[in-house]
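Here are a few notes to read with the model open beside you. Take the points one at a time and find each residue as you go.

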Amino acid sequence: MPDLKYTKWNHISLKGHAHFNEAWVKARIVEDTSILGLGKSRVLDIERGQKHGRLDLLLVDDEDEDEDEVKWYEVEVQLGETDASHIIRTIEYWEEEQRRYPNRTHCAVLIAEDVTNRFLNVLSLFNRHIPIMVIQMEAIQVQDSVLLHFTRVLDTDEPPEEREDDIVTGATREKLQSRSSEVAMGIVDACLEMLRQIDPQINLTYGQKWAGLALDGKTTNFVRFYPKKQSFVRIKARPKSRDEWTEKLNAAGFEVPSGGEESVRFRLYQEDLERNHDLLLELFRESYEEYTT
């Protein structure tokens with residue numbers, strides 16, 4: 001491993017900069033959307049015309065292919081300090097796209113250089129009712145190079161289908177398997193076997209898009225399973241330390257998306273069951289113990 005050397009860096013203010021302007025920032029995002037940390041999203045449209053103006057960027061994460069799983073990000077970029085007009089514009093863009101395409105999952109995204117505490121508090125209140133995400137952007141000069149660093153300072157709340165208190169009527173295993181796959185449901189069953197090594201009383205419950213857990217007849221979703229048509233299961237677990245488990249799972253080859261919630265989320269395939277059996281059992285055990293204590 002080569003020796004690393006300390007290099008002094010300088011912060012650059014992009015607002016009013018002659019070269020590194022808003023168009024330059026958007027071009028960098030279009031080149032590589034992963035710099036925002038929004039999963040495997042891609043650009044669907046740029047400067048999209050709306051009745052309230054032009055939406056800077058429309059990103060889409062449609063990797064799951066299921067129409068009702070497609071996620072759209074309505075992105076507004078602002079140089080300098082956050083202000084009320086950009087916040088309102090971000091929400092208006094989100095609302096119009098949601099009204100046009102109600103069968104998509106929409107998320108408003110505001111990117112700004114300086115997110116003040118005042119407006120962050122206001123956005124946190126909106127966040128209870130509107131899926132809005134705030135990303136702080138920083139431009140850094142290192143010698144003759146300029147870097148862009150993005151930090152998520154406000155994350156979206158859990159989408160409605162993932163809430164712990166949803167009441168689902170008419171949901172059955174058969175219906176869940178019809179919208180996923182037999183292989184994916186087999187992965188869920190294998191995970192249940194692991195969980196029953198921890199507590200034999202654990203059983204499965206079913207929602208429209210997920211399989212949860214019940215203990216002694218009570219819903220206990222310290223782990224949830226989202227079986228997919230593509231023959232994998234998205235796992236959502238709540239261990240004691242999210243950061244620690246993010247590192248463990250990433251080291252084992254899983255991809256854990258960033259986010260502010262306390263759970264860890266990752267994809268589980270058939271081959272992972274044997275290859276990572278002990279790690280999965282440890283995760284389930286810690287999540288169980290965190291719930292029961």
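Predicted model: local features only at pLDDT ≥ 70, side-chain atom pairs only at ≥ 80, totals over all residues.

1. The strands involved, β6 and β7 (residues 145-154), run antiparallel and are joined by nine bridges.

2. Now follow the chain from one of these strands to the other. β6 and β7 form a hairpin with two residues between them. In that turn, glutamine 143 has a positive phi of about 55 degrees.

3. Which other strands pair with β6 (residues 132-142)? One is β1 (residues 9-12), which pairs with β6 in the antiparallel sense over four bridges; there, tryptophan 9 stands opposite valine 142. Another is β5 (residues 105-114), which runs parallel to β6 and is joined to it by five bridges. In this pairing, look for isoleucine 111 opposite isoleucine 135.

4. In soluble globular proteins, nonpolar side chains tend to be buried together. The largest core here has 35 residues, and Phe225, Phe266, Leu268 and Phe284 touch the most other members. Elements giving two or more residues to this core include α5 (182-198), β11 (223-227), β13 (264-268) and α8 (277-292). Nine residues, the largest share, come from α5.

5. Finally, another core lies apart from the largest one. This core has 22 residues, among them Ile29, Leu79, Ile111 and Ala139.

Note on methods
Residues numbered from 1 in each chain as written. Heavy atoms only, no water. Pairing = 2+ DSSP bridges. Core = buried A, V, L, I, M, F, W, Y, C linked by side-chain atoms within 4.5 Å. Buried < 20%, exposed > 50% of the residue type's maximum accessible area, 1.4 Å probe, protein only.
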